[in-house]
Amino acid sequence: MSIEMIKIILLYFAFCVTLIMVIFVEMVKTNNLVFKYSRYNAESDEKEYFSALKDVNLSINKGEFIAILGHNGSGKSTLAKHMNALLTPTEGVVYVKGLNTKDENNTWEIRHLAGMVFQNPDNQIVAAVVEEDVAFGVENLGVPSEEIRERVDDALKWVNMYDFSKNTPSLLSGGQKQRIAIAGILAMKPECIIFDEATAMLDPIGRKEVMQAVIRLNREEGITVIFITHHMDEAVLADRVVVMEDGEIVLDDVPKKIFCQVEKLKSLALDVPQVTELASLLIKKGINLPNDIITIDEMADYLCRLK
Amino acid sequence: MKLNVTIGKYYPADSILHRLDPRVKLASTFAFIILLFVANDFWGYLLSGVSIFSVMLLSKIPLKFIFKGLRAVIFIILFTVVFNVFFVHGERVLFEFWIVRVTLEGVFTSIRLASRLVMLVLASSVLTLTTSPLQLTDGIEYGLKPLKKIGVPAHEIAMMMTIALRFIPTLMEEVDKISKAQMARGAEFDTGNIIDKAKAMVPLLVPLFISAFTRAEELAMAMEARCYRGDVGRTRMKVLKYTKSDYISSVLMVAFGSAIILIRVLL
């Protein structure tokens, strides 16, 4: 074999490796992530140290729709804040698209790549006019004025809020405000959006609006979605569910395999979707049903087959 | 409680003044107020009076609306008038009674001061009536930009104003919520004398402040998450641009200023 041939083969090999890396690059990866914080204890006059996260290893691929579940204080919000460098790890490392969050030179690139929507819609809107608020993030990126205009209009149309572009946010409903927050992130063209209990303060209609937008973000725009919630009905829609308990990941699987573990979830003080619970109760009564029913449609389907 | 909060007192209308660049309006108002203190005789005041009146007519805002602005300062004006009439002592005595002596100079001084105050208030009312708070904020940000070199935090001031405007309705809602919650526990806000009323505000203000701080913290985090880092490498969607009418009005303003100064120097 000639040297030329070997060179070509090596080149081809290198090309393939790069291609694979580009396609299957991990959006977010955490290695042995530990986060500790201190709190002053007035009684003993000492600083107490708490670990909010204990040795978290998680890797999220590009284009995934992942739900993070857990009850209050399980560390899920702390984990989310590590994913766009709002918090940096005490021990271990977090990579966002290969960038280490600990390196301060990466901070702005990471926050550009991974947008974040917070829980309280009122406390994340900056400007007194809808379109100005959507423009806020893009303005921070230093995009030329005409392009900002375009991106803002497109983002507002995408979330169906274009008619409200000149309104003041305080007169809008919770769901509408959250959609504006999404538009504000979308206009920045991120590759990943983290929703930190973004539906927790909304009424059922608002939640539905936001969930539809989230699903579209993932399916139509190919944006990686990390969705933190404690509503099981929302987690069901994800490709993958991670359950957290006391700063650790206890379950990590597709929704069907997570929610069929009714007893396990109950022991973690979490609910299961109503249909899943119904299915498990029916199975106990001796009715022949699969134990991984998670949506109402599936349930209806299986019940009809019983006849 | 119906929440109907209007910030400032912007009066939307379609006039040349409304369309003027906020920077020009701000600078002109500022210059006008300074010039009021330069003018010190009848002709100077007449010229200022005529100018401000013609500007008021140009603004297409009902005059009584503009004069409403005077109501807030009527007390100060009366106070100034009374003080000057009685305490400025000059040569030509109009009448004397016991220790009270009113002189012609005193009357003139008080008229001068009163008209100065009235015009000052009218000028600033015209500014706030024809410029929305948002435009004002933009005007301040752009207008102060040259001063950044000497350490004026232009962007920060404008950002603070933007956020304040944004949160006024939110905090008003909060006040409403808290006062209802406290009333449900037996708090009374509108009984008793003024001290009782002031004391009754404490259970309203403390929770309000606490929640405002929480909001501020969350907002700061949300802003950072959206790549905010001051005005480092920041661009704007809406860029202020001067138009023809802005240049014309600037020229007029300069002419007015020179006239006032000339009157002062020559007469």
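In helix 2 of chain B of this predicted model, the buried residues are P22(B), R23(B), V24(B), K25(B), S28(B), T29(B), F32(B), L35(B) and L36(B). These buried residues pack against helix 3 (42–58), helix 6 (104–130), helix 7 (133–144) and helix 11 (244–266) of chain B. The helix itself covers residues 22–38, 17 residues in total, and it reaches 24 Å from its first C-alpha to its last, close to the 24 Å expected at 1.5 Å a residue.

The nonpolar cores come next. The largest nonpolar core has 93 residues, of which A183(A) and I226(A) touch the most other members. Helix 6 of chain A, which covers residues 174–186, gives the most to this core, with six residues. A second, separate core has 19 residues, and L35(B) and L36(B) are included in it, as are L17(B) and L127(B); L35(B) and L36(B) are also among the buried residues of helix 2 of chain B. If neighbours within four places in sequence are left aside, I226(A) is in contact with I60(A), I66(A), I68(A), A80(A), M83(A), C192(A), I194(A) and F195(A). In soluble globular proteins, nonpolar side chains tend to be buried together.

Chain A as a whole has twelve helices and ten strands, and its C-alpha trace spans about 70 × 65 × 60 Å along its principal axes. Of its 307 residues, 42% count as buried, and among the contacts in chain A between residues at least 6 apart in sequence, 64% join residues at least 24 apart.

Part of the strand pairing in chain A can be followed through strand 4, residues 91–96, which is joined to strand 1, residues 26–41, by five bridges in an antiparallel arrangement. Here V28(A) has V96(A) of strand 4 as its bridge partner. Strand 4 also pairs in the antiparallel sense with strand 5, residues 99–100, over two bridges, and in that pairing Y95(A) stands opposite N100(A). Strands 4 and 5 of chain A form a hairpin with two residues between them, and K97(A) in the turn has a positive phi of about 50°.

| Residue | Phi | Loop in chain A | C-beta atoms within 10 Å |
|---|---|---|---|
| K189(A) | about 50° | between helix 6 and strand 7 (192–196) | 17, partly exposed |

Most residues other than glycine have a negative phi, and most peptide bonds are trans.

Turning to the interface, 25 residues of chain B are in contact with 31 residues of chain A. On the side of chain B that touches chain A, helix 8 (154–184) and helix 10 (202–225) of chain B each supply at least two residues, and helix 10 gives the most, with eight residues. By residue class, this side of chain B divides into 13 nonpolar, four polar and eight charged residues.

Technical notes: Residues numbered from 1 in each chain as written. Chains lettered and ligands numbered in written order. Predicted model: local features only at pLDDT ≥ 70, side-chain atom pairs only at ≥ 80, totals over all residues. Core = buried A, V, L, I, M, F, W, Y, C linked by C-beta atoms within 7 Å. Buried ≥ 20, exposed ≤ 12 C-beta atoms within 10 Å, placed from the backbone. Helix = DSSP H or I, 4+ residues; strand = E, 2+ residues; numbered from the N terminus. Contact = placed C-beta atoms within 7 Å. Nonpolar A, V, L, I, M, F, W, Y, C, P; charged D, E, K, R; others polar. Expected span 1.5 Å × (residues − 1). Pairing = 2+ DSSP bridges.
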